[in-house]
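Here is a short report on one protein chain. Please keep the sequence and the 3D view open while reading.

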Amino acid sequence: MTRSLFRTLASALLLALIAGQAWAEVTVTFYAHPGARVRDGYLLFPHAYVHAEGTEDATGEPVDWSAGFTAKSPGPHLLFMRGGGVVEEPDARYVNEGQPFLELTVDDATWHALRARAEWWNSPEGSVYDLRRRNCITFIADLARVVGLRTAPEPSMKPGTFLEATAALNPAAVWRETPAVPVVPVESPSPVVVVVPAPVAAEPASGA
């Protein structure tokens, strides 16, 4: 009885561990937004950003985090001089409009390293913004290297072009849309046709 109970508990624990390993992971996706859109009176410019989603393996904590590097004070002065930069979470609508180029799953250690590196870009040393040489693309390229990706040449001012070239260097991490499972209509069974023979008219009885 005791041995049977132990085997049952051990099997349940093993299944729980397998399920935990299957579901506890963080997926990191690198996006580019094409810009050239007006929303709420503001013109959206091209932008690169990263989104992480999933669950930490060690703690079970949910992860839903987005980040991009941008100027603290946007304006035409950035065409001629450097300014302060800041890591900000893009608007959810902005993220949904973006084009994903790269996606990979990472372990807890890599996820924590990614967050720590993103925070460094908010430090006095890291928060220097240069429109041509230290922009959102530079930020994304830095984070891509943290998670083990090769990156295209920098500097760049075209997020989509940069991420497309970077994706070509990392074919295993290229984002692929999961194809929808086609819905095959279930054909109704053909109705069963029952043939009933016509009644045969009885012959009149002949007289005796």
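Which residue's side chain meets that of D142 in a salt bridge? The partner is R117, with an N to O distance of 2.6 Å. D142 lies in helix 4 and R117 in helix 3, so the pair ties together parts that are 25 residues apart in sequence. D142 is buried, at 11% relative accessibility. R117 is partly exposed, at 29%. In general, side chains of opposite charge can pair when their charged atoms come close.

**Overall layout**

This is a predicted model. The protein chain has 208 residues, and 34% of them count as buried. Its secondary structure comes to five helices and eight strands. Along the sequence the order is α-β-β-β-β-β-β-α-β-α-β-α-α. Among contacts with a separation of 6 or more, 60% are between residues 24 or more positions apart. The accessible surface is about 14100 Å². Carbon and sulfur atoms hold 60% of that surface.

**Helix 4**

Helix 4 covers residues 136-146. Nine of its eleven residues are buried, so helix 4 is largely enclosed by the rest of the structure. The buried stretch is C136, I137, T138, F139, I140, A141, D142, L143 and A144. A residue counts as buried under 20% relative accessible area.

Both ends of helix 4 have details to look at. At the start, a side-chain oxygen of N135 comes to within 3.0 Å of the backbone nitrogen of I137. Just after the helix, G148 takes a positive phi of about 95°.

T138 sits in helix 4. Is T138 buried or exposed? T138 is buried because its relative accessible area is 15%, below the 20% cut-off. Leaving aside residues up to four places away in sequence, T138 touches W121, R133 and E154.

**The nonpolar core**

The largest nonpolar core has 37 residues. Within this core, V28, F30 and F139 touch the most other members. Several elements each supply at least two residues: strand 1 (26-33), strand 4 (47-55), strand 5 (62-71), strand 7 (99-106), helix 3 (108-120), helix 4 and helix 5 (159-169). Which element gives the most to this core? Helix 4 does, with seven residues. In soluble globular proteins, nonpolar side chains tend to be buried together.

What does V28 touch, not counting residues up to four places away in sequence? Its contacts are V50, H51, A52, L102, E103, L104, V106 and L114.

**Salt bridges**

How many salt bridges does a search of the whole structure find? The search finds three. They are listed here.

| D130 | R82 | 3.3 Å |

Take the bridge between D130 and R82. This pair links distant parts of the chain, 48 residues apart. D130 is in the loop between strand 8 (128-129) and helix 4. R82 is in the loop between strand 5 and strand 6. D130 is buried, with a relative accessible area of 15%.

E154 is partly exposed, at 31% relative accessibility. R145 is also partly exposed, with a relative accessible area of 41%.

P155 is found in the loop between helix 4 and helix 5.

**A nonpolar surface patch**

Which residues form a nonpolar patch on the surface? L79, F80 and M81 do, with about 370 Å² of accessible area together. L79 lies in the loop between strand 5 (62-71) and strand 6 (83-88).

**In brief**

D142 in helix 4 pairs with R117 in helix 3.

Technical notes. Residues numbered from 1 in each chain as written. Predicted model: local features only at pLDDT ≥ 70, side-chain atom pairs only at ≥ 80, totals over all residues. Heavy atoms only, no water. Helix = DSSP H or I, 4+ residues; strand = E, 2+ residues; numbered from the N terminus. Buried < 20%, exposed > 50% of the residue type's maximum accessible area, 1.4 Å probe, protein only. Contact = heavy atoms within 4.5 Å. Areas by Shrake-Rupley, 256 points an atom, 1.4 Å probe, with all protein chains shown as cover. Polar contact = N/O pair within 3.5 Å; in protein donor to acceptor, adjacent residues only side chain to side chain. Core = buried A, V, L, I, M, F, W, Y, C linked by side-chain atoms within 4.5 Å. Patch = residues over 30% accessible without salt bridge, like charges linked within 9 Å, V, L, I, M, F, W, Y side chains within 5 Å. Salt bridge = Lys/Arg side-chain N within 4 Å of Asp/Glu carboxyl O.
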